[in-house]
Amino acid sequence: MGMLKVMLWRSNGAVGRVFRRRYRVLAIESSCDDACIALLDRKDGKTTVIDQVKSTLNSVAAGGVIPTEAHGFHQYQIASQASQFFQKHKISSQNSPDLICCTRGPGMVGSLSAGLQFAKGLSVAWDKPLVGVHHMLGHLMIASLTSESQTNPPPRFPFLSLLCSGGHTMLVLSESLAKHQVLVNTVDIACGDALDKCARKLGLKGNMLGKELETFVNSFSKEELDEFTKIKTHTRDNPFNFQLKLPMRSPKHPRNAESVQFSFASFLSTLDAYSPPPGMEKSKVTKFLAFKVQQKIFEHIVDRIKLAVDKNETLFANVNDIVLSGGVASNSTLRRMLKDGLNDKMKRPNLNFHFPEIALCTDNAIMIGVAGIEIYENLNVVSDLSITPIRKWPLDQLLDVDGWTSRS
């Protein structure tokens with residue numbers, strides 16, 4: 001296709017590249033139980049999704065994702081799924097994409113290995129560059145594609161992101177594509193994991209239990225929602241004899257502590273220890289518990305972020321964009337509570353909230369392609385073929401791992 005030409009542009013004092021040549025990107029995501037492939041078109045600094053496919057391991061019977069089962073699923077699924085995808089889009093060695101992006105970590109090593117090894121094989125066979133992408137960077141950068149499609153300005157550095165999924169819950173300040181500071185992280189389990197386990201404890205069924213919990217709560221009548229909202233749970237002095245406090249608000253967790261953290265394990269332990277009052281209708285108890293657990297988990301998130309704002313006022317001085325991404329970001333209640341809470345706290349008229357399209361909140365290959373394009377164009381690096389999966393990869397160490405090489 002000839003020599004690659006670029007045009008430099010300046011934004012927020014940083015130099016970036018807008019590629020003047022059109023090129024295609026194949027993206028693969030396999031960090032957990034989703035086998036995802038996407039084909040993207042990149043032209044003049046804009047990304048268009050050509051197509052995507054996604055299949056998910058059914059783990060309902062197992063009660064959760066088992067790593068060995070997920071590994072076997074990817075080994076079985078990715079190559080055959082890709083073969084059908086390639087036939088559909090007439091992709092071959094004579095008509096191959098120009099860049100391959102694949103999740104390198106963090107995630108389940110077996111699942112990551114299946115996708116990464118397949119991507120390496122394509123890179124060798126087609127003689128095309130490979131970018132091993134950080135999974136959470138994909139969630140963080142997908143808001144730029146959503147903003148593009150909605151004709152809204154994308155988030156501008158520095159911006160704040162709440163990355164909220166089954167494996168991670170963190171508040172991140174992104175000063176640039178390569179520089180990220182984790183301001184709040186979880187000390188135990190992730191928000192999505194807590195929602196899933198609480199939903200299972202309440203008897204809900206499905207492959208995505210956090211989503212099932214949201215659907216269940218949204219099915220309640222207005223009268224039920226009004227009744228449950230008025231009932232306080234800071235003590236057991238309520239009709240359900242149910243106490244559920246916000247974590248890390250006791251005297252042993254002073255508000256002036258050195259660091260701010262999330263904690264979600266106590267929501268599950270509270271449900272485990274709970275016994276309803278004798279004679280109370282079981283279905284009403286289940287509804288009340290479902291409503292309060294979801295509400296309090298999200299209230300805890302907003303409470304911790306507000307505290308982080310208090311402790312880091314200078315860091316937030318130039319932040320005008322806030323991104324909510326990850327699987328739990330599809331929850332409309334969390335979106336509303338986050339927006340209301342931070343608008344009230346920061347009191348800034350130009351505060352912009354970015355909520356990715358629902359289909360792009362959960363794991364997908366499109367976000368891996370979007371992040372890979374940013375790395376390729378603006379960090380000017382690719383991955384060599386010796387890279388291996390990274391089970392734990394801190395977002396603030398994006399370029400500190402092995403395997404990065406300068407793009408020729």
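**View 1. L173 and its partner across two neighbouring strands.** In strand β10, Q181 is the bridge partner of L173. The model shown here is predicted, so local features need pLDDT of at least 70 and side-chain atom pairs count only at pLDDT 80 or more, while totals for chains, interfaces and linings use all residues. Residues are numbered from 1 along each chain as its sequence is written, and side-chain values use heavy atoms, with hydrogens and water left out. Strand β9 (residues 169–174) and strand β10 (residues 180–186) run antiparallel and are joined by 5 bridges. Two strands pair if DSSP finds at least two bridges between them. Helices (H or I, at least four residues) and strands (E, at least two) are DSSP runs, numbered from the N terminus.

View 2. In general, strands of a sheet pair through backbone hydrogen bonds, either parallel or antiparallel. Axes here are lines fitted to C-alpha atoms, for helices over the stretch in contact (heavy atoms within 4.5 Å), and angles run from 0 to 180 degrees between N-to-C directions.

**View 3. The largest nonpolar core.** A nonpolar core is a set of buried Ala, Val, Leu, Ile, Met, Phe, Trp, Tyr and Cys residues joined through side-chain atoms within 4.5 Å. Buried means under 20% relative accessible area, exposed over 50%, and partly exposed in between (1.4 Å probe, protein chains only). Of the 60 residues in this core, L162, C191, F264, I297, F298 and I301 touch the most other members. Helix α8 (residues 282–311) gives the largest share, 14 residues. Leaving aside neighbours within four places in sequence, L162 is in contact with several residues, including F262, I301, V323 and L338.

**View 4. N331 in its loop.** Look for N331 in the loop between β12 (321–325) and α9 (332–346). N331 is buried, with a relative accessible area of 3%. Not counting residues up to four places away in sequence, N331 touches E214, Q294 and F298. The side chain of N331 also reaches the backbone nitrogen of T333 at 2.9 Å, and a polar atom of that side chain lies 3.2 Å from the backbone nitrogen of L334.

Methods. A polar contact is a pair of N or O atoms within 3.5 Å; within protein, one must be able to donate a hydrogen and the other to accept it, and residues adjacent in sequence count only if both atoms are side-chain atoms.
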